[in-house]
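Here are some exercises to work through with the model open beside you. Try each task before reading its solution.

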Amino acid sequence: MSAPGLLVGVTDWCTHPGGLDASGAVRIGGTKNPDVERITGLRPDLVIANEEENRAPDLAALRAAGVEVLVTEVRELPQALTELDRVLVGALGLTRPRWLDEAEAAWADVEPAGALTAFVPIWRRPWMVLGRDTFAGDLLARLGVHNLYAGHAERYPRVPVEELAGAGCDLVVLPDEPYRFTREDGPEAFPDRPCALVSGRHLTWYGPSLAEAPAVLAAALRAAR
């Protein structure tokens with residue numbers, strides 16, 4: 001999707017591929033508060049959205065303005081691979097990228113890091129964790145990590161830190177996004193548990209990073225133990 005002239009608009013949070021601002025792509029707000037008027041003014045052939053990240057009223061407003069919108073759904077790895085092919089090859093008419101085949105192969109050959117139970121905070125103040133039916137939870141499961149809150153009724157439940165600290169588990173997985181957990185910010189809340197500091201890009205993004213994600217995440221899990 002980094003072909004010259006292909007991207008006319010990107011969110012305020014987009015960082016990849018590099019050089020987006022120099023490419024002439026216009027910043028159009030965030031996924032929860034897109035500038036619909038600015039987007040329609042760009043006259044895009046297609047707006048790519050996601051059922052989790054984008055709000056239905058914003059997508060309806062774009063469609064009402066005559067803009068074609070493609071909405072992806074990604075809650076597990078096979079969906080991610082299928083949706084990436086649907087967007088890149090089906091919708092945009094690009095040649096299937098090599099990294100997509102590499103990602104498929106890397107995850108097909110993945111070896112679990114062990115049989116572990118963990119919870120995965122994604123925010124603090126208030127504390128929130130991965131719950132049921134999440135892409136990140138699916139990746140961790142393929143690496144041998146069972147999410148303690150995978151059966152929760154909510155996908156991203158708020159859980160008091162006292163409950164988390166007392167939860168029986170082998171490991172706490174702390175990504176660096178959406179909340180940026182670091183060695184100094186996060187592990188101190190769980191002094192009796194090993195903490196794995198992992199790359200949020202490799203845990204939650206579906207794109208070229210998927211090709212190296214199994215190795216990167218497995219290394220972080222091993223280092224914590």
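This is a predicted model: local features need pLDDT of at least 70, side-chain atom pairs count only at pLDDT 80 or more; totals for chains, interfaces and linings use all residues.

**Exercise 1. How many salt bridges does a search of the whole structure find, and what are the N to O distances for Arg-55 with Asp-58 and for Asp-85 with Arg-96?**

Solution. Step one: the search gives 13 salt bridges. Step two: between Arg-55 and Asp-58, the closest N and O atoms are 3.0 Å apart. Arg-55 is partly exposed at 41%, whereas Asp-58 is buried at 10%. Step three: for Asp-85 and Arg-96 the N to O distance is 2.8 Å. This pair links distant parts of the chain, eleven residues apart, with Asp-85 in helix H3 and Arg-96 in the loop between H3 and helix H4 (98–108). Helices (H or I, at least four residues) and strands (E, at least two) are DSSP runs, numbered from the N terminus. Step four: Asp-85 has 26% relative accessibility and is partly exposed; Arg-96, at 28%, is partly exposed too.

**Exercise 2. Describe how helix H3 packs against H4 and against H5.**

Solution. Step one, the method: two packed helices are described by the angle between their axes and the distance between the axes. Axes are lines fitted to C-alpha atoms, for helices over the stretch in contact, and angles run from 0 to 180 degrees between N-to-C directions.

Step two: H3 and H4 have axes 11 Å apart, at an angle of about 170°. H3 is therefore roughly antiparallel to H4 (an angle over 145 degrees). In contact (heavy atoms within 4.5 Å) are Leu-77, Leu-81, Leu-84, Asp-85 and Leu-88 of H3 with Trp-99, Leu-100, Ala-103, Glu-104 and Trp-107 of H4.

Step three: the axes of H3 (residues 77–91) and H5 (residues 135–142) come within 9 Å and cross at roughly 120°. Here Leu-77, Pro-78 and Ala-80 of H3 meet Phe-135, Asp-138, Leu-139 and Arg-142 of H5.

**Exercise 3. Is H5 mostly covered or mostly uncovered, and what do its buried residues pack against?**

Solution. Step one: H5 is mostly covered, with six of its eight residues buried. Among them are Phe-135, Gly-137 and Leu-140. Step two: the buried residues of H5 pack against H3, H4, strand S8 (145–147) and H7. Step three: just after H5, Gly-144 has a positive phi of about 90°.

**Exercise 4. How many aromatic pairs does a search of the whole structure find, and what is the geometry of Trp-127 with Phe-181?**

Solution. Step one: the search finds six aromatic pairs (ring centres of Phe, Tyr and Trp, the latter by its six-membered ring, within 6.5 Å; planes under 30 degrees apart count as stacked, over 60 as edge-to-face and the rest as tilted). Step two: Trp-127 and Phe-181 are stacked, at 5.8 Å centre to centre and 20° between the planes. These two residues are 54 residues apart, and both are buried. Step three: ring pairs join Trp-127 and Phe-181 in a cluster with Phe-119, Trp-123, Tyr-179 and Phe-190.

Notes. Residues are numbered from 1 along each chain as its sequence is written. Side-chain values use heavy atoms; hydrogens and water are left out. A salt bridge is a side-chain nitrogen of Lys or Arg within 4 Å of a carboxyl oxygen of Asp or Glu. Buried means under 20% relative accessible area, exposed over 50%, partly exposed in between (1.4 Å probe, protein chains only). Angles under 35 degrees count as roughly parallel, over 145 as roughly antiparallel, 65 to 115 as roughly perpendicular and the rest as oblique.
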